[in-house]
Amino acid sequence: MPTRILVVNPNSSQSITDCISSILSDYGTSDLSIDYFTGPEGAPPAINDDETSAQSTAACLPLLLKSNALETYSAFLIACYSDHSLVDRLREHTSKPVLGIMQASIVQALALAHRDDKFGIVTTGAQWEPLLTPAVLSFLGSSDIARSRFAGVITTGLGVLDLHAADPQLVTERMSNASKMLVDRGATVICLGCAGMAGMEQTIQNAVRGSGKKVWVVDGVKAGVSILAGLVKVSSS
């Protein structure tokens, strides 16, 4: 029986869902299918803080529960780069794997970084630095690990919708500058800290090419699908 993953975009912007689906177009196989859910009209068009995160959970959770999604799908990926409450709220209603893209990116980053190397996060607006930093520290569960492995969060000053609507040259410049700052802090793995950054790995690779280091770029959406597919396989064996 094939694994079926539902990727949940908890905001109401179809353009973000389209961006996510485009970068996952090669991931579907005869053994893995991926479907997408976009937040309804009552969800915010972009999630920028704890308030809009809570609003998106309130809008999405009832629809997910009323549908047959919990019975239909093998696993669920919440495509908002944050400690999104929908992850825990959905877990209250199913024993199937539920994962957020932030958590998925950290797991993959730690697997890629060598023992003495660090990972960091490039994200959008300045409001995310004080939100993501404690969320990452909480997930790591140890201040010692955080000090030795986490290079921090660098913001670009762009909004999630700006990533595809603003001048491409401006987006590239902001993403490149933030990535270079993380490499200067010792990062050899850079996480794309927004679902709207999906597919922007090459922008970062181009920016850090002259650093003299091998730098990995982690897309939490891709990481999440890969991890969930593995979890489903393990749980069904």
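Domain 1 and domain 2 bury about 1900 Å² between them, 66% of it on carbon and sulfur atoms; buried area is the accessible area (1.4 Å probe) lost by two parts on being put together, summed over both. The model is predicted, so local features need pLDDT of at least 70 and side-chain atom pairs count only at pLDDT 80 or more, while totals for chains, interfaces and linings use all residues. Residues are numbered from 1 along each chain as its sequence is written, and side-chain values use heavy atoms, without hydrogens and water.

The domain bounds come from an automatic or database domain assignment.

| Domain | Residues |
|---|---|
| domain 1 | 3-100 + 222-234 |
| domain 2 | 102-219 |

The two domain centres, taken over C-alpha atoms, are separated by 21 Å. In contact (heavy atoms within 4.5 Å) are 22 residues of domain 1 and 26 residues of domain 2.

Four strands, in the order S2-S1-S3-S4, form an open sheet with parallel pairing. Strands are DSSP runs of E with at least two residues, and helices are runs of H or I with at least four; two strands pair if DSSP finds at least two bridges between them. Strand S2 (32-38) and strand S4 (98-100) are the edges, each pairing on one side only. Strand S3 (residues 75-78) is joined to S4 by three bridges, and Ile78 has Gly100 in S4 as its bridge partner.

Helix H11 (residues 220-236) packs on the sheet and touches strand S1 (3-9), S2, S3 and S4.

Technical notes:
Axes fitted to C-alpha atoms, helices over the stretch in contact; angles between N-to-C directions.
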